[in-house]
Amino acid sequence: MATTEIKNVSVIGLGLMGTPISTLLMKAGYEVTGFDIIKKQMLNLAPLGLNLARSAKETAKGADLIILSLPHWDAVQEAVEGKDGILAGARKGQIITDTSTSPPWESKAMAERLAKKGIEWMDVPISGSSAQARVGNMVFMAGGKKSVFERIKPVLDRIGKKTFYVGKSGDGAMLKLVVNHILYLNQAAAIEGMVLGLKAGLDPEIMFDVITSGAASSDLIMARGKDMLAGNFEPKGPVVMAVKDLGFSLESAKKLGVVLPMGGLYMQFLLKALYNGWERKDATVVMRIYQQLAERTGETKKFIPKRKYSQGFSDQ
């Protein structure tokens with residue numbers, strides 16, 4: 001296929017990340033077609049100019065680039081290779097990019113299968129929460145052919161903060177697992193420190209201001225710290241997703257012969273949150289478990305609302 005400018009983009013999966021991706025693409029002037037199995041997700045974007053597709057197959061019609069933003073690998077496979085999937089309507093030379101957090105070994109195998117059909121596959125996961133995505137604060141890490149990367153980079157640069165070429169197929173997916181692993185351990189450290197401070201009776205507002213002003217600050221604390229201290233765990237990255245993502249990094253470690261003891265331990269806290277029925281809460285809801293562990297029998301709870309950041313540690 002000639003190296004032509006990408007003008008028509010399709011997005012499959014219009015959830016927490018797919019919606020802001022589609023919105024930013026439309027604002028950047030691209031002709032965007034979208035599909036989601038939840039029709040409401042599509043209808044919400046129609047007033048902004050989104051063209052609605054009736055299936056993943058239909059998104060392939062006229063698309064120069066197809067972007068996947070899906071919750072798990074089974075959904076990716078169905079969208080690409082299912083009965084009404086992309087391949088049923090694709091043409092040679094089309095580019096499919098998977099921005100989902102996917103297992104590297106599966107992504108590499110997909111690239112090999114599609115190459116036999118003349119379809120280009122790039123694993124291009126994103127570092128950034130849905131809140132960051134809404135303002136274009138996303139980092140893209142791409143794995144696949146360098147020539148294909150050069151074609152999609154201008155599109156990604158229009159909607160994100162930085163775009164990196166990581167290497168061969170699967171390398172982008174692998175780097176995303178590394179990023180996520182570090183993120184979840186950073187999350188664990190933030191939770192432990194905050195619970196310690198609150199149990200000691202420190203003012204949550206002052207604690208937040210000091211933490212975010214010094215060496216212990218992080219994007220995660222800046223984005224979610226106030227909500228964590230207020231007991232607000234509305235999902236930016238839900239527990240069910242964290243279990244999946246951290247599970248991928250632990251599985252990769254097993255395949256590579258790498259020991260990740262801290263990640264393995266934090267997985268147990270995430271699983272406990274899942275078993276508690278908090279799968280749709282933000283993964284930082286693990287903080288509730290720490291708070292429960294910090295309570296002593298017969299002790300008056302110290303996790304009492306003090307200022308605007310603290311609302312106690314109820315399980316509601």
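This is a predicted model: local features need pLDDT of at least 70, side-chain atom pairs count only at pLDDT 80 or more; totals for chains, interfaces and linings use all residues.
Residues are numbered from 1 along each chain as its sequence is written, and side-chain values use heavy atoms, with hydrogens and water left out. Local features need pLDDT of at least 70 and side-chain atom pairs count only at pLDDT 80 or more, while totals for chains, interfaces and linings use all residues.

Helices here are DSSP runs of H or I with at least four residues, numbered from the N terminus. Helix α1 covers residues 18-27, and eight of its ten residues are buried, so it is largely enclosed by the rest of the structure; buried means under 20% relative accessible area with a 1.4 Å probe and protein chains only. The buried residues of α1 are G18, P20, I21, S22, T23, L24, L25 and M26, and just after this helix G29 takes a positive phi of about 100 degrees.

Two packed helices are described by the angle between their axes and the distance between the axes. The axes are lines fitted to C-alpha atoms, for helices over the stretch in contact, and the angles run from 0 to 180 degrees between N-to-C directions. Helix α8 (residues 171-199) packs with helix α13 (residues 286-293) at an angle of about 40 degrees, the axes lying 10 Å apart. The two helices α8 and α13 are therefore oblique to each other, a term for angles that are not under 35 degrees (roughly parallel), over 145 (roughly antiparallel) or 65 to 115 (roughly perpendicular). In this contact, meaning heavy atoms within 4.5 Å, I191, E192, M194, V195 and L198 of α8 meet V286, M287, Y290 and Q291 of α13. By class, the contact of α8 with α13 has seven nonpolar, one polar and one charged residues, where Ala, Val, Leu, Ile, Met, Phe, Trp, Tyr, Cys and Pro count as nonpolar, Asp, Glu, Lys and Arg as charged, and the others, Gly among them, as polar.

Helix α8 also packs with α12 (residues 261-275), at an angle of about 65 degrees and with the axes 10 Å apart. Here H181, Y184, L185, Q187, A188 and I191 in α8 meet M262, G263 and Y266 in α12, and by class this contact has six nonpolar, three polar and no charged residues.

In helix α10 (residues 219-230), L220, I221, R224, G225, M228, L229 and A230 are buried, and what covers them includes α8, α9 (204-213) and α13. After α10 comes G231, whose phi is positive, near 75 degrees.

Definitions and conventions. Buried means under 20% relative accessible area, exposed over 50%, partly exposed in between (1.4 Å probe, protein chains only). The expected span of a helix is 1.5 Å times one less than its number of residues.
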